[in-house]
Amino acid sequence: MTLRFGPFELDEAGRALMHAQKEVALQPRVFDLLVYLMRNRDRVVTKDELLEALWPDVTVTDNSLQRAVSMLRGVLRKGGMDSAIRNMPGRGYRFCIEGPSELQVAAPGTTDGQAADVRAQARSAAAAQAWNEAAALFETADIADSLDGADLHQWALALQCTGKAHAAVPVLARAVAAHIRAGNVPPAVVDAVTLSGLHFERGQAAIAKGWLARAEDWASEIENPATTALTLWMKSKVAAFDGEPEQALSLADIAYSTVRHKDAVGIEALSLAYRGFYRLCLGDTRAGLADQDLAAAMALSSGDIDPIVGGILYCNILWAARMFCDWARADQWTLGYQKYCTESGMELTGSCQLHRSEVLGVRGSLGEALSRIQDSLARLTGDAPWAIGDANRVLGDVHAAIGNDEDALEAYEKAYAHGWCPEPGRAMLLLERGEAEAAYASLERSLIGKTWWTLQRRGMLFAHLALAAAHTGRREQALELIEELSGSPDRWPMPSIRALTNEAQSVLAHARDDYDSALRHLHLARQLWSSIDGRVQAVRLRLRIAKLQLAHDDVRGASAEIHAAQLLASELGSRKYGAECAALRREADIRTSGRAA
């Protein structure tokens, strides 16, 4: 049986995969994986089914399947089809394509009528949000005929929606030129701002600022609130990048005021979401969260938000939720964004996979989080290299929660080498390893400077520093930090920060032999983490409670905490916490046996 999909041809009988009339080398099990997914492309195939089909009578782990999927995606990426292998969280994998494509690339002698027909097909595919098909059709039409600015814009949009932002850059540059030649200034501004954003994501700040300057110059020549607001919004991002959060907030506020209630919901929601983000960075937490939630609700209710605008909007909101460790909120918006991507035919970008990985690592499956973060790292090289450091930070956190301490420290070192602060995860790991002074010093260094990364996490870093100060005997400093954080409920209302300050108070109480106070603060900390689904932290604190109770001969209370921790550790897939549970269970059993004797 021979199947054609996109630019590929699969000859099952001959065990060959062809691309551009050349055979693609595939490992046997990777080829078998492709065949199995193609045969069952009308449904989700579970991981267990794939393991049984590909490795019959052989015991292998999920990692073998994940490697095979990653290799297959790498091969399909050559034809822009890597997004066809969809990971369905908690369910398995599915091969998703619009249908076998019989499209042949137009020859140089294609007639005008044929070229126009291909253009019409491309526009229809874009309108139906069949992005892979649209991108292929626009490329074919481009060979035979010159596309106008609107067509080039749609082609670039299709490329971005299929995760090929790098390929969209030259197409957008052509779109800008075509718009200007035709005298269509507003769409030229939109595409120039998009180019600016893509170059910023790739770490090319000088080029990004150049495109933004062109967009601003054109926007100043016309009376158009939407384009004016769009350039102001992008200028706010530049100000934040340059370490000027107050200026960023002012620009975002002006952008929102410029376009508010003027039938430009996408830009209105973007400006509002970023105003909220800058408010969060500057400590106006409640107002910032309100802005972001309203922006997301506006986007959901409008029904006509551009997929890329929607992606930027959700990405910013998810980023903020992650930075403040508001895991319940992060999970809600992540699920909402996944639904949005599915409905708009978009593939999750590397950055979005990164966001989802951290949420899963804290409150879901550590194994799935590890798989997703590795996939994210592969994608980020092309679409957002600046985030590779952040991805390694998250990778370190996941490894640390599993119990792979050396892998975690290596990932944290890579994050730091890429210019990214690995805290507070690295400091927490050092605390667990008994290196409290090193943890304290790392957290102090992380608070140096006024970068946007430091500003938005300042409360979390202060809270972890309070905990490290308590562990290193710096009682006065710990109390000062606790007072600053708890005395500003409007600025630091997050349960995660209150949980950490309670844990620091427990350490201080334990140092003065106040068992009741130490236990009470630990229980409060655990309850606060549980309220936002911070399961990894909840397990860790249950084990701390159990140790404290055993030290004071409360075996029954300790047993209840150990049992609850075991259930969570098993759900998360944490070897480290599973081993700690087992060790404490043995100690509790010995205490119980001793009493009985």
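Two aromatic rings count as a pair, taking Phe, Tyr and the six-membered ring of Trp, if their centres lie within 6.5 Å; planes under 30 degrees apart are stacked, over 60 edge-to-face, and the rest tilted. Keep that in mind, please. Ring pairs link W233, Y274, F277 and Y278 into a cluster.

Some ground rules. This is a predicted model, where local features need pLDDT of at least 70 and side-chain atom pairs count only at pLDDT 80 or more, while totals for chains, interfaces and linings use all residues. Residues are numbered from 1 along each chain as its sequence is written, and side-chain values use heavy atoms, with hydrogens and water left out.

Now the overview. The chain has 29 helices and 6 strands. Those are DSSP runs numbered from the N terminus: helices are H or I with at least four residues, strands are E with at least two. Of the 597 residues, 54% count as buried. Buried means under 20% relative accessible area, exposed means over 50%, and partly exposed is in between, using a 1.4 Å probe and protein chains only. A contact means heavy atoms within 4.5 Å. Among contacts with a separation of 6 or more, 59% come from residues 24 or more positions apart.

Back to the rings. The structure holds 5 aromatic pairs. Take F200 and F241. Their ring centres are 5.3 Å apart and their planes are at 65 degrees, so this pair is edge-to-face. F200 sits in helix 8, residues 185-201, and F241 in helix 10, residues 225-241; the two are 41 residues apart. Buried or exposed, what is F200? F200 is buried, at 12% relative accessible area. F241 is partly exposed, at 44%.

Next, W233 and Y274. Here the centres are 5.5 Å apart and the planes at 85 degrees, so this pair is edge-to-face. W233 lies in helix 10 and Y274 in helix 12, residues 265-281, so the pair ties together parts 41 residues apart in sequence. W233 is buried, with 4% relative accessible area. Y274 is buried, with 8%.

The charged end of R474 sits over the ring of Y440, 3.8 Å from its centre. The rule for that is NZ of Lys or CZ of Arg within 6 Å of the ring centre and within 35 degrees of the ring normal.

On to the cores. A nonpolar core is a set of buried Ala, Val, Leu, Ile, Met, Phe, Trp, Tyr and Cys residues joined through side-chain atoms within 4.5 Å. In soluble globular proteins, nonpolar side chains tend to be buried together. How many residues has the largest core? It has 135, and W155, L313, W327 and W529 have the most contacts inside it. This core draws at least three residues from each of domain 2 (116-223) and domain 3 (534-596). Those bounds come from an automatic or database domain assignment. Apart from this core lies another, of 35 residues, among them L377, A384, A538 and L572.

Look at W155 itself. Leaving aside neighbours within four places in sequence, W155 contacts A135, F138, E139, D142, L147, V171 and R174. D151 is in helix 6, residues 149-161. D151 is buried, at 4% relative accessible area. With the neighbours within four places in sequence left aside, D151 contacts R119, R123 and F138.

Now helix 2, residues 47-54. Its buried residues are L50, L51 and L54. The face turned away from the buried side carries exposed D48 and E52. What covers the buried residues? The cover includes helix 1 (28-39), helix 3 (62-76) and strand 6 (92-95).

Last, the backbone. Most residues other than glycine have a negative phi, and most peptide bonds are trans. A cis peptide bond joins E423 and P424, with omega about 10 degrees. P424 is in the loop between helix 19 (405-417) and helix 20 (425-432). D263 is not a glycine, yet has a positive phi of about 60 degrees. D263 lies in the loop between helix 11 (245-259) and helix 12. D263 is exposed, at 77% relative accessible area. D533, not a glycine, has a positive phi of about 60 degrees. D533 is in the loop between helix 26 (515-531) and helix 27 (535-551), and is partly exposed, at 26%.
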